Amino acid sequence: MTKEREPAISLALYHLFKWSVVNPMLHTYFRGRIYGAENVPRVGPLLVVSNHASDFDPPIVSNCVRRPVAFMAKRELFEIPVFATLIRWYGAYPVNRQGGARSAIRAAIASLESGWATGVFLQGTRTKDGRITSPKLGAAMIASKTQAPLLPVSLWGTEKVIVKGKKLPQITPITVRIGHPIAPPTSGNRDQLNAVTEHCAEVINAMHDLGR
């Protein structure tokens, strides 16, 4: 049975980390702008799909949608005492990198059924300019199995946060745009999966093209 919200302790930890670290850093250091936060469903399963250009993206996405967003993390991180408990509370869920796409999809579905909004990077990996050029079907497959709506999110400017040869994150403006929820595919038919995936990519890239 799918839960409506994430565990209470995770919600408390989310707000603690958001208001003490992520939100102040986003709005001061990165001069963050957020558009469309009112489009986010407050409860229920939600699949947050976005572009990806930086390791800073997961906490920024979670901060801006105003509810915790669970992202996958490599299984090895869950072998570190104390740290493993903290990242579980914050929503991270372990994925075996040798398990391939099926393992990741199963883990994301379990996260959604536990009441979490769950994040998936539509291209599956970082891109140099933040644009999505080769979207993967994973998010649409997860949505078809859970019937969770997909929430498109565009991150603009995060590709400039980490510069090779620099020890500290760079002071650079970041803009986050959140679109309207997109209905999940009604079946696992490949044509439907492709159509929803392409639609998500088009919406995210269109928001990204708006720039600052």
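Visitor: How do β2 and β6 pair, and over how many bridges?
Guide: In this predicted model, β2 and β6 are parallel partners joined by five bridges.

Visitor: What joins β3 to β6?
Guide: Two bridges do, and the two strands run parallel. Ala 70 is the residue opposite Thr 118 in β6.

Visitor: And the strand order in the whole sheet; what is it?
Guide: The sheet is open and has six strands, in the order β1-β8-β7-β2-β6-β3, with mixed pairing.

Visitor: In what sense does β1 pair with β8?
Guide: In the parallel sense, over three bridges. Ile 34 has Val 176 in β8 as its bridge partner.

Visitor: Which strands does α5 lie across?
Guide: α5 lies across β2, β6 (117–121) and β7, and its direction is at about 170° to β2.

Visitor: Changing topic to α6: how many residues does it have, and how far does it reach?
Guide: Helix α6 covers residues 190–209, which is 20 residues, and spans 28 Å from its first C-alpha to its last, close to the 28 Å expected at 1.5 Å a residue.

Visitor: Which of its residues are buried?
Guide: The buried residues of α6 are Leu 193, Val 196, Thr 197, Cys 200, Ala 201, Ile 204, Asn 205, Met 207 and His 208. They cover an arc of only 160° around the axis, which places them on the same side of α6. In general, an α-helix has 3.6 residues a turn, so residues three or four places apart point the same way.

Visitor: What covers that buried side, and what is on the face turned away?
Guide: The cover over the buried residues includes β2 (46–50), α5 (138–146), β7 (150–156) and β8 (175–178). On the face turned away from the buried side are the exposed residues Asp 191, Glu 202 and Asp 209.

Visitor: What is found at the start of α6, and what follows the helix?
Guide: At the start, a side-chain oxygen of Asn 189 comes within 2.8 Å of the backbone nitrogen of Asp 191. Gly 211 follows α6 and has a positive phi, near 70°.

Conventions:
Residues are numbered from 1 along each chain as its sequence is written. This is a predicted model: local features need pLDDT of at least 70, side-chain atom pairs count only at pLDDT 80 or more; totals for chains, interfaces and linings use all residues. Side-chain values use heavy atoms; hydrogens and water are left out. Helices (H or I, at least four residues) and strands (E, at least two) are DSSP runs, numbered from the N terminus. The expected span of a helix is 1.5 Å times one less than its number of residues. Buried means under 20% relative accessible area, exposed over 50%, partly exposed in between (1.4 Å probe, protein chains only). The arc is that of the directions from the helix axis to the C-beta atoms. Contact means heavy atoms within 4.5 Å. A polar contact is a pair of N or O atoms within 3.5 Å; within protein, one must be able to donate a hydrogen and the other to accept it, and residues adjacent in sequence count only if both atoms are side-chain atoms. Two strands pair if DSSP finds at least two bridges between them. Axes are lines fitted to C-alpha atoms, for helices over the stretch in contact, and angles run from 0 to 180 degrees between N-to-C directions.
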